Amino acid sequence: MFDKILIANRGEIACRIIETAHKMGVKCVALYSDADKDALHVKMADEAFHIGPSPSKDSYLRMDRIIDAAKESGAQAIHPGYGFMSENVEFAKACFDAGITFIGPPVEAIDAMGSKSAAKVIMTDAGVPLVPGYHGDEQDPAFLKEQSVAVGYPQLLKAAYGGGGKGMRVVWSEDEFDVALASTKREAMAGFGNDKMLIERYLTKPRHVEIQIFSDNHGNCIYLAERDCSIQRRHQKVIEEAPAPNLPEETRIAMGEAAVAAAQAINYQGAGTVEFLYDEDGSFYFMEMNTRLQVEHPVTEMITGLDLVAWQLKIANNEPLPLSQAQVTVTGHAIEVRIYAEDPDNEFLPATGQLSYLRQPQTSNHVRVDTGVIAGDEVSSFYDPMIAKLIVWDETRERAIARMSSALDDYRIGGLKTNLSFLSNIVNAQPFKDAVLDTGFIERNHDLLFTPKSETDHKSLMLASLAILCEQRNTALLQSSTQHIENFDPYSPWGKSNAWRLNETAKHSIELTDTNGHSHNVCIEQQNDGYLFNFDGEQFIASAQLNDDHLQATINGHKSNILVDLCPKKVSLFIKQDIYHFERKLNDMSAFEMDESEDKLTAPMNGTIVEVPAVAGAQVKAGDVLVIMEAMKMEYSIVAPFNGTISEVFFAAGDMVKDGAQLVDLMPFESVPVESAPAED
Ligand code: MV4
């Protein structure tokens with residue numbers, strides 16, 4: 001086995017490969033761009049090489065730098081992961097020329113599958129079923145027109161060198177053909193530098209079912225069951241599962257054997273995936289073959305109990321397949337969802353930002369999370385914005401769905417938009433539970449999956465406000481803990497860092513702006529045993545406690561246990577799969593702006609000084625009341641935010657002050673000197 005391999009990738013797949021390699025005692029070399037200098041995969045590796053600026057073209061796609069890093073590190077093999085260089089013939093050749101093992105198929109196999117039409121010729125010879133159509137070399141438009149008529153309508157025009165749905169055009173009738181051919185050829189030439197076309201009968205509601213195959217260098221080739229990846233959006237897989245629901249056993253076997261035949265036809269080695277279109281009438285047809293480990297390989301691992309990356313390393317090390325076909329067993333059902341930083345309410349535009357809050361579901365034999373990020377990481381626009389893959393397994397599909405739904409409810413991500421609620425809507429949708437699957441699933445169930453953005457409700461406003469108030473109360477608790485207040489009552493106005501005069505009802509005003517851009521001014525009266533909210537005349541009595549990110553709140557007797565992400569300017573609520581984000585404007589009268597740069601304490605608004613406990617020269621502790629002022633019929637205490645000496649007091653009781661006026665000059669010091677300790681004996 002290799003002593004050391006280099007992973008020419010980043011993110012979750014790099015972490016996943018490193019994890020298996022380390023279990024096998026293989027050292028790992030990571031590569032990183034400027035943007036990834038603190039990335040998880042770099043931390044996990046035994047060593048790492050900086051390979052360039054953040055853009056992929058200047059880093060992860062720089063073959064020369066990758067090969068140089070492998071040579072310099074002494075890596076004996078390179079694992080390309082998926083994407084980037086994983087299906088690049090030139091890169092596989094460069095590895096071979098450098099005497100470095102490419103953990104993947106032979107160059108010839110990658111090359112053979114690079115062209116759809118060439119692949120179809122090979123599949124025809126191998127007896128693999130193809131969609132009826134034309135995929136020859138004759139490309140004269142008049143000849144193609146004749147083929148088009150022979151195939152019949154609707155039909156699909158496909159660029160031979162297209163991929164991912166690009167370079168395809170549905171033709172519904174003969175008189176559409178000429179225009180469609182011309183435009184698809186132009187698109188293919190512009191996109192792929194080759195305008196060779198093939199024509200296929202168009203399947204209107206196919207499923208995407210793919211077979212995982214493995215070949216070794218000793219003539220063995222087996223299939224490891226199948227995956228259903230029909231739920232896609234713009235040719236991006238969203239949910240994958242294994243095995244494919246309701247696939248007749250004889251179809252499963254026939255598809256698997258066809259996939260093996262396809263692999264053997266190109267002398268395949270390593271992990272590969274043969275994709276089929278599975279038609280409503282039970283027929284299946286070769287679509288394309290991927291000569292890499294797929295993103296969705298974990299669902300196959302969960303139902304077979306195998307480690308496909310370990311198999312890749314063994315095969316690259318010229319070992320035979322660990323199992324024969326007869327020894328492969330399939331147990332239970334697995335589902336994977338791809339968690340993306342994107343905005344489903346805005347055309348799934350990629351989202352960027354900091355993962356200010358990240359809580360994954362508890363992992364187990366049933367729940368797996370493959371990720372390349374940790375809380376606090378930035379999701380940049382340089383790379384695919386996938387945050388993680390969430391994979392679940394259970395004994396039946398129904399139970400796997402329930403487990404996925406629950407795991408999604410437990411997944412909490414704050415700081416940027418994600419597709420979590422969209423994924424939750426899919427797995428909870430009856431058509432998904434009924435396995436009514438085909439490539440049009442998302443479009444057909446649009447109204448089920450895209451819940452209109454709900455107007456912010458009073459409950460979410462109250463919960464966000466309670467979280468903020470609890471946070472401030474907890475801060476006061478922390479500060480006043482130095483005052484050793486016995487029997488501290490969290491609802492006592494004196495319990496807060498901004499203690500309130502007992503003879504007044506403490507009032508707060510918090511401004512919350514929701515993701516629709518609507519601002520809500522929430523007014524709260526603080527009472528001895530909690531808070532009183534008033535929305536359009538309707539009153540709500542509430543109490544709450546905040547422990548870390550858990551908010552326990554009772555509103556009019558109804559208890560809620562939710563997770564919150566509190567940042568200075570934002571507050572997010574995670575209520576099962578509903579997520580509420582608010583900009584949090586510090587209008588809350590119970591807080592005051594501390595001009596940190598100059599340690600000044602200023603008046604939060606125009607008002608009148610009621611009392612000035614502060615005296616110049618006095619030493620005070622954090623939380624001590626310095627000034628009490630009245631504004632808008634409410635009283636506020638301005639307290640010392642840290643230990644220090646009062647150097648000057650600028651106002652006296654009865655004075656009027658303007659918003660922002662400096663009230664006290666407080667000089668910080670390390671700690672309030674205590675009486676000198678008794679001399680050591
Ligand atoms: C098809 C098809 C229907 N009929 N071929 C999409 C990209 C590439 N993988 C091939 N694709 C399709 N080929 C025929 N003759 C429908 C698709 C297709 C599709 C296939 C699998 C998964 C998702 C898809 C989404 C749209 C179209």
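1. The structure is a predicted model. Please read every point below with that in mind.

2. **Burial of strand 22.** Start with strand 22, residues 386-394. Nine of its nine residues are buried, so strand 22 is largely enclosed by the rest of the structure.

3. **Pairing with strand 15.** Strand 15 covers residues 333-340. It pairs with strand 22 in the antiparallel sense. Eight bridges join strand 15 and strand 22. For a place to look, find Y340, which stands opposite M386 of strand 22.

4. **Pairing with strand 20.** Strand 20 covers residues 367-371. It too is paired with strand 22, as strand 15 is. The sense is antiparallel, and strand 20 and strand 22 share five bridges.

5. **Geometry of helices 3 and 4.** Now turn to helix 3 (residues 63-73) and helix 4 (residues 89-97). Their axes come within 11 Å and cross at roughly 30°. Angles under 35 degrees count as roughly parallel, and helix 3 and helix 4 are therefore roughly parallel to each other. The crossing of helix 3 past helix 4 is right-handed.

6. **Contact between the helices.** Which residues of helix 3 and helix 4 meet? Helix 3 brings M63, I66 and I67. Helix 4 brings E90, F91, A94 and C95. Of the residues in this contact, six are nonpolar, one is charged and none is polar.

Methods
Residues are numbered from 1 along each chain as its sequence is written. This is a predicted model: local features need pLDDT of at least 70, side-chain atom pairs count only at pLDDT 80 or more; totals for chains, interfaces and linings use all residues. Side-chain values use heavy atoms; hydrogens and water are left out. Buried means under 20% relative accessible area, exposed over 50%, partly exposed in between (1.4 Å probe, protein chains only). Helices (H or I, at least four residues) and strands (E, at least two) are DSSP runs, numbered from the N terminus. Two strands pair if DSSP finds at least two bridges between them. Axes are lines fitted to C-alpha atoms, for helices over the stretch in contact, and angles run from 0 to 180 degrees between N-to-C directions. Angles under 35 degrees count as roughly parallel, over 145 as roughly antiparallel, 65 to 115 as roughly perpendicular and the rest as oblique. A crossing is left-handed if the near helix is turned anticlockwise from the far one by less than a right angle, and right-handed if clockwise. Contact means heavy atoms within 4.5 Å. Ala, Val, Leu, Ile, Met, Phe, Trp, Tyr, Cys and Pro count as nonpolar, Asp, Glu, Lys and Arg as charged, and the others, Gly among them, as polar.
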